[in-house]
Structure formats: C-alpha cells, structure tokens
Amino acid sequence: MAALVKRVGWATRPLLPVVLAWDLDARRWVRALRRSPVKVLFPSGEVVERKVDPRKQPRKAAAEASHREQRQKQQIQGPASQTLSTWEESGLRYDKAFPGDKRLRMLVITHLFVCTHSSVMTIVKSRPFREKQGKILLEGRRLIADALKAGAVPKVFFFSRLEYIKELPIEKLKGVSLVKVKFEDIKDWSDLVTPQGLMGIFAKPDHVKMTYPETQLRHTLPLSLICDNLRDPGNLGTILRSAAGAGCSKVLLTKGCVDAWEPKVLRAGMGAHFQVPIINNLDWEAVPDHLPADARVYVADNCGLHMQAQAQESNKASDYGWVRDQRPLKFHEYEEEEDDLESGESQDWLPKLEAQSYDSDWTEAPAAVVIGGETHGVSLESLQLAESTGGGRLLIPVVPGVDSLNSAMAASILLFEGKRQLRERVEHRDRR
C-alpha cells in the first residue's frame, strides 16, 4: 500500500487529511445540487431568473406554499376543515359557512347566546329567550322586508342564496352580519314545509320607536282591541291581521295571552305586527293608561241570545259562555266563595253590563273591544273595566244549538262593524 502511494506521488502527504478533504468537497457538491436559486448570474454578466419549483424548495418554504394553495382551494370549493370565509359581491360583504363550521357556531353564540348552532332556532323560538335576550326570529323575504321598512333593527341574516339578500334594502344592511349557509341548515331550523331560504334575528321591536306605513296612519280609527286570555297562536295572528285591516289604533295584550312575537303568530299575522302598534304582556291595572280618557270598553259576547236568556234566568256565571266560571281570587278568598259558585246562588260580584246587539251604535265615543279566549273566556277584570267606563256587552247572535264563534271570527265581525259605524258617521256629518 505504501509503494502504491509513492507511485502516485502522494507519499509526501498524509493519508487521513486527503480522505477528509475529499469527503468535505463531496458533501458541498451534493448540497449544491439541492439548491434552487431564484436568479443565476453568469460570468458574462447575464442574469437569468428561474421559476421556483415547490418540490425543490426547503421543507419550510414548501409547507408554506402548500398551505397557501390549500386556503385558495378552500375559498372555492369548501374544504374538509370547513372554515368560515369572507366574500364580497355586489357591494355586500358576507361570510360563507359550511356544515359543522366552528366559527359559525361562535357567530351564533355572539348573537343568540347559545352553545350549538343546531339548537339555535329551537331556543330563539322560546318565549323566555325572547323576553330575556330581547330578540325575535323572522322568516321569509316579505316579513323581513316589512320589518325593515317599519324600523326594526336586524342583527344577523342567514340565507341560502345571495339573491334573497339583494331583494332587501341595501341601506338597511349596514352593520348587519350576513351569513350564507346551506339550504339544508335553514330547512332544519325552519318550521315550514317549504322554507324560503332567508331567516333573520332582530331586536324585539318597540311600538314607540316603530315607523308604521303612512296609509295605515291615515286610516287609523278611534278603535282599540284588547286581547284577554288568547292562547292560540293562529287565532291571535288572525286577529292582529283583522285589526290592521280594520284600522285599529292599537292592540293590547294582557298577561295570559300567547306571545305576539311567537313564530306561529308572526306567520298568521302576515306582516300585521309592523302595521299596527302592539303592546304586549300588560297588567289590567295598566290597560287604562293605553286607552283614551273618554274610551268605553265593550266585551264581546258571541254565545248567542238563547244562551243569554238562560244566563239571565239562573244568574250563574257558568251559564255565561263568555265569562270564566271562576274569578281570579286569592287562595283564602276562593275557599270562602267556592260553595257559592257551585250552588248557583246569585253572584253579586259579577258586574252588571248592559247587553246590546253588535250592530247597534256603540262607537259614539272612542271604543275598545275585549276579545276573550275560547277556552277560558274573558276575565273578571275586563268586565269590571267595561262597567267602570260605561261600556257593555256586544252580542253576536248565532243559531240555537251552534257553539260560540271562533275568537278570531268574533273579533273580525266586531272590528269591521265598528269601522262601518264610524264611516257612516263621518259620511253623515259631511252631508250635513
């Protein structure tokens, strides 16, 4: 081996340093092969820019490039990670969510104070949530458009197609969170068989701050409606619709009525909530404060004249189809008078109200009509209020053997009869 080294002329140089120097040069050459320069400078001075190949980049740079490509793909197709992306189109800036989106859940928590977006609409439809959080749920383009026109304050809109949002007034959408979701999500949230693809969360409207249509204000009559123990959402919604159509000045709802802002009432009302002032959840002591000083209160009696004759003969509260069998008493008071109620003796506590036909003249002074629920009837407080204001009972005759009219039907008959009387009075005055 020593002789071989001498032959090649390496004898004067140590063997170990030569091997190390060759290994170092080889490693440098291998690393140079892995480099991908952005620019190449030739000895002649020419500079050539090279396109970077992500596959030949260092690991960190390659990972960053891959992450950028993945984010671009997510914005177009909707990634497996399902993030919330921000879009802007036609001057509208909105968020696009995908099923199971965690940021969508956080957005819902911000506006609805719940934990999972799957239970959003279940909780927002509940009366305790509406009363504590002061927010309501509206569904459908027409109802939402009416709410915006009346000055209701929107918080967030969920929509499945951008065209639905474009149909709303653009100036009313400033500062409102817009979230595009799958139609399947709206279908799960909605109670409708065929949802319209648009839902909105609004601050609970205040009748004092609302702006009602000019045509409605011009046709307002000195006629008010008081709802007492109305617990059917469909009936209340229909009554509100009739009140708006007749031109009522306001609708008062006493405690014990169904919430006027319940989704079923909103659907049955067909926008009447934003055409006539609605004052909800009132105590009977506060009802006179919302009526004109000279108003007379009339109680609807749709039990029929034959039932009225039977009631006058026995003078029992249970024989009046329009009044509850039991007046609201404290426990000790009820125990003392329970025997009197069952025995059928004369009830001195029942106010004596004069009965008159519904088509007689009862609109000389500003009038308020009390409509009771079909199950519980009107309360004793409504009878006392009618007696104290000089009002009475308005009888709607029905054929013997036929049950009393539906509450919504009775309310419609009385309200439009009152409108007819007021219109004839105005026409008669103009002729004179």
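Which residue stands opposite lysine 250 in β10? Serine 224 does, and the points below start from there. This is a predicted model, where local features need pLDDT of at least 70, side-chain atom pairs count only at pLDDT 80 or more, and totals for chains, interfaces and linings use all residues. Residues are numbered from 1 along each chain as its sequence is written, and side-chain values use heavy atoms, with hydrogens and water left out.

1. Strand β10 spans residues 250-254; helices (H or I, at least four residues) and strands (E, at least two) are DSSP runs, numbered from the N terminus. Four of the five residues in β10 are buried (under 20% relative accessible area; exposed is over 50% and partly exposed in between, with a 1.4 Å probe and protein chains only).

2. On one pairing, β10 runs parallel to β9 (residues 223-228) over four bridges; pairing requires at least two DSSP bridges between the strands. Together with helix α11 (residues 233-246), these two strands form a right-handed β-α-β unit: with the strands pointing away from the viewer, the path from the first strand over the helix to the second runs clockwise.

3. β10 is also parallel to β11 (residues 278-282), through three bridges, and valine 251 has isoleucine 278 as its bridge partner in β11.

4. Do look at leucine 192, in the loop between α9 (183-189) and β8 (198-203). Leucine 192 counts as partly exposed because its relative accessibility is 27%. Leaving aside residues up to four places away in sequence, leucine 192 touches Glu139 and Arg267 (contact means heavy atoms within 4.5 Å). The C-alpha atoms of leucine 192 and arginine 267 are separated by 9.9 Å, with the two residues 75 apart along the chain.
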